[in-house]
Amino acid sequence: MSPPSAARPLHPEVRIGHVHLKVADLERALGFYCGVLGFELMMRIDSGAAFVSAGGYHHHIGLNTWESLGGSPPPPGSTGLYHVAILYPNRAELADALRRLVAAGIRLDGASDHGVSEALYLRDPDGNGLELYCDRPRERWPRDAKGAMTMYTRRLDLDGLLAEAKAR
């Protein structure tokens, strides 16, 4: 089955605005997203929801327990969200994110150099997949002889990235 064809592509400035995650324990989730990753708490709705952001935006991530209080992550082999990708503005900020994770004792699921980006993969306290990444400048994206983008997956040098965080 071939994918459907759009009459015309989306406007190039269309973006994914925010993600809203179901969590089992709101305080634990806030401890991770604000305490470890460094997002700012923008607003709470009673004890059931909170909205966090970077830079004062209304919210990048919504967290709620409306349908999930005390719940468990979805079992392997089920459908749902694979991961949320959080874009850092540059390598130095991604390095700082790695420093925060190491300081908090958070284990990574993986770390990859994709040619177009560098990425850290992990799970939040509720088992939601996260990708923390930074893009390389477009002019440095790998391309084949015809100019088509050629992403790949290679091991990311975590020691080199962490050294950049310590140099800040």
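**Close-up views of a predicted model**

The structure holds eleven salt bridges, a salt bridge being a side-chain nitrogen of Lys or Arg within 4 Å of a carboxyl oxygen of Asp or Glu. This is a predicted model, in which local features need pLDDT of at least 70 and side-chain atom pairs count only at pLDDT 80 or more, while totals for chains, interfaces and linings use all residues. Residues are numbered from 1 along each chain as its sequence is written, and side-chain values use heavy atoms, with hydrogens and water left out.

**View 1. R91 forms a salt bridge with E118 and another with E164.**
The R91 and E118 side chains meet at 2.7 Å, N to O. R91 lies in helix α2 (residues 91-103) and E118 in strand β7 (residues 117-123), so this pair ties together parts that are 27 residues apart in sequence. Helices (H or I, at least four residues) and strands (E, at least two) are DSSP runs, numbered from the N terminus. The side chains of E164 and R91 also meet at 2.7 Å, N to O. E164 lies in helix α3 (residues 158-166), so its bridge to R91 in helix α2 ties together parts that are 73 residues apart in sequence. E118 is buried at 6% relative accessibility, whereas R91 is partly exposed at 26%. Buried means under 20% relative accessible area, exposed over 50%, and partly exposed in between (1.4 Å probe, protein chains only).

**View 2. The side chains of D109 and R123 meet in a salt bridge.**
The N to O distance is 3.5 Å. D109 lies in the loop between α2 and β6 (110-113) and R123 in strand β7, so the pair ties together parts that are 14 residues apart in sequence. D109 is partly exposed at 41% relative accessibility, and R123 is partly exposed at 41%.

**View 3. Four strands form an open sheet in the order β1-β4-β3-β2.**
The pairing is mixed; two strands pair if DSSP finds at least two bridges between them. The edge strands, β1 (19-22) and β2 (40-45), each pair on one side only. Strands β3 (residues 49-53) and β4 (residues 61-64) pair in the antiparallel sense over four bridges. V52 has I61 in β4 as its bridge partner.

**View 4. The largest nonpolar core has 34 residues.**
Such a core is a set of buried Ala, Val, Leu, Ile, Met, Phe, Trp, Tyr and Cys residues joined through side-chain atoms within 4.5 Å. Among the members that touch the most others are Y33, I61 and L132. Helix α1 (residues 26-36) gives the most to this core, with six residues.
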